[in-house]
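Hi there,

Here is the structure I promised to pass on to you. Have a look at it first, and then read on for what turned up.

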Amino acid sequence: MYQRVVYKIIIIAASLFCAQVAAQTKTQTYAWEDEKYPRERLIDMERMIVDVSFDAPLSLVKGQVTHYFKPLRKSVDSIFFDAPEITIKNVFLNGKKARYNTTTAGVTIYCEPALKWETNDSVRIHYEAHPKKGIYFIGWNDKNNVSRKQIWTQGQGVDNRYWIPMWDDLNDKMITETIVRFDSKYKVLSNGTKVLERMNKDGTKTWHYKMTKPHASYLLMLGIGEYEIKEAKSKSGVPLRMYYYPDHANRVDLIYKHTADIMNFFESEIGVPYPWETYAQIPVQDFMYGAMENTTATVFGDFFCPDQRSFNDRNYVAVNAHEMAHQWFGDMVTARCEPHHWLQESFATYYNMMAEREIFGQDHFDWSRRNSQNSALDADSKDWYPVASSKGGSPRHYPKGAIVLNTLKYVTGREEYNKAIKHYLLKHGYKNVESNDLLVAFEETLGLSLGWFWEQWLYKSGEPNYLVDFTEQIIDNGKNKHRFTVRQIQELNDYTSLFKMPVVFEVHYTDGTSQTTKVIIEHNFQEVVFEQQSGKTVDYVLFDPNAQIPKKIEFIKGVDMLLSQAQKAAHMIDRYDAWVALRNTPIDKKRSALIKQYQVEKFHALKAEILAQLLYDNSPSSLEIVRASFTDKSTDLKKALIAKMHTITANFKTDYEKLLVDSSYDVVASALEKLCTDFPQDAPRYLQLTKGVIGVRARNVELKWIEMSLVQLGTQELFNQLVNYTSVSYEFQTRVAAMGILKKFNYFDAYLMDHCFDAMFNPNNRLSGPAIEALKYFKNQYTYRQMIEDRMNELSADENKSAIIKRNLF
């Protein structure tokens, strides 16, 4: 009895103690991460030699790959290489034929006897493949012989495994060599230095490229096509090889404008020399992304090949800088696994923003930061994933991570930031990294403990939401003072908390003087007090001038203070924010200030905001400003004018018509649509004026011309032309645009059906997605349903096509 009583007392006491400990224990909660750890491996890859030839019309790869490696385990009795649906012909382990087994995922090679660690071993695999991903054969099935003929690769994320049996993951690096035999009329580019280009007796050529330092497998590339090459060098002597289409000889300087300047800037700003032997760039048709930073050899979509007129619509400068920055951030140092992917994309995005600042100015940089912040805020409104997460998605890995790095520089200082980044790169060069490695770099170089910054900006989600108020005069201990109050009003939960940030406060007086202080804001409520300077009147005040901190903010100011800020603040962003806050102010109270400021402002976004507030004001001075904007040098401003002028008034019809001969193709296409819609009686004249103008991206002017012509008179010839543009003869953006117009006019025939099915099976989802939607749209109509279902049944004889059809059309 005694023993039982004691036992119960002990259990109760222990339970109470555990409950108290649990109540006192602090916990940290993070979003769940499926890919927190890298994939396990048995061997350490050191070198890979890829030797390939192609039967391009059949999309066939014939290859031999040799892997050199060291075992990581005491005993390794089998090795797995990723090789989905690759046909393995034979395998040799250390020069001797080896037993192997294939699955849909790859090939397992049996080591008999087992390999031991600290030895040097090799595997040679002979194979063939009809890859679904990784390598793409463009134009070889174009019966009209209109399309460019190319072969190019895209290895990221893990797609090189579809054409090379390999260890295809982030967490191992190797030195690569690429040997290619192909038709001598084409040029071949791969990673590293070209060590051989030799004619063969059969009319083919052999190209041999070789790297000297290791890189991740997804960065191996090939680019094959008809090209010319422009060569240059950076200040430090880095060879720059710029590939271009022979028919683009008059564009090459525009395509690669600022390339050497960007390289020079990066070497200076980063403080680490370009980490490879050479740098090449090559445009390709139908690329599914913007570009890809393959080591020493960037591939980019040929939609970034502007002519003189389209350069200001869209050019390659930003993407050029982004991919070049990756040569340090992503190629030289590579994320070990997906949660650390931001270490590549955020850095490349931030450094391309800085390179653009060198070229286009501070206002351009600040506007890029604002757009990045807006993208981040939108993503954070939808879920709670952080930047350092495989689930963070593009808005966090690219723009949010970029502005977080800018904020980190704001917190530490530019020189301090650069010193830490240089140390990080040199310490981890040609290796894998994790987010903590960057944190340690700041500690090792500066002695800073920035764990709090990592926690709130990288490992947790959200951003601060500040409610700010300003009182011009309070009495404190008999003295007149100014007071800011700051509240953090963001939702607090397991994934976001109060933010700790140094914030700058400014008070500006009417005599042009000012007071400034920087205060750590970290609580849910804080006051910041300035002593009032005798005899001075406050003109305007700023919280976080130039918007250095990503945030939401509510700070209500009076009209007079906002007008002063809009005209006097030093930074474009602060002036812009003031005008945005004045949107609902009656025009009579701001007209003169708007007009005066429009005439002195230079940056398009700020001028566009002012223009929008004057657009429907009928005063002669406002009408004069709007009219002048039609002939402004800024393409971006004219685009904003078109977007904001919902209906063309009689006052501006003549001005609008001048846009039909604008230097910008985008402006011409938009103006044509709006004029034909608002003034259909004059459409024949507008169409005659723009007839024969093609445009660049997706033949944008020509397709808009066809669309507007169909509104006037839907001739069969025009429909046939559109159907032709949906075929394999044309690049994917033209095909998609043509499909969209045909859907709009509900036109469908057997040729369009075949072109849509061809596009549906294309691995580029920017083409296959719209094609699937078009087929669904027409299949839902009784008139076309049987026709489409019959073709579905015919195509389903192919197992792969059958799976795609079932997944998307049933």
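Predicted model: local features only at pLDDT ≥ 70, side-chain atom pairs only at ≥ 80, totals over all residues.

Of the 11 residues in α14, nine are buried, so the helix is largely enclosed by the rest of the structure. The buried ones are A605, L606, K607, A608, E609, I610, L611, Q613 and L614. Their cover includes α12 (572-581) and α13 (591-600), as well as α15 (620-629) and α16 (635-644). Helix α6 (362-380) is also part of that cover.

Now for the whole protein. You will find 26 helices and 30 strands in it. Its radius of gyration is 31 Å, close to the 28 Å that the globule rule gives for 810 residues, so the protein is as compact as a globular protein of that length. Along the principal axes, the C-alpha atoms fill a box of roughly 100 × 95 × 70 Å.

Buried residues make up 55% of the 810. Among contacts with a separation of 6 or more, 68% are between residues 24 or more positions apart. The protein exposes about 36100 Å², and carbon and sulfur atoms supply 50% of that area. As for charges, there are 99 positive and 100 negative ones, and their mean positions are 2 Å apart.

Finally, a word on confidence. The average pLDDT is 95, and 97% of the residues score at least 70. Over residues 1-18, though, the pLDDT is below 50, and this stretch has zero contacts in the model beyond near neighbours in sequence.

Enjoy exploring!

Best wishes

Methods. Residues numbered from 1 in each chain as written. Heavy atoms only, no water. Helix = DSSP H or I, 4+ residues; strand = E, 2+ residues; numbered from the N terminus. Rg over C-alpha atoms; globule rule 2.2 N^0.38 Å. Buried < 20%, exposed > 50% of the residue type's maximum accessible area, 1.4 Å probe, protein only. Contact = heavy atoms within 4.5 Å. Areas by Shrake-Rupley, 256 points an atom, 1.4 Å probe, with all protein chains shown as cover. Lys, Arg positive; Asp, Glu negative; His and termini not counted. Charge placed at Lys NZ, Arg CZ, Asp CG, Glu CD. pLDDT = per-residue confidence, 0-100.
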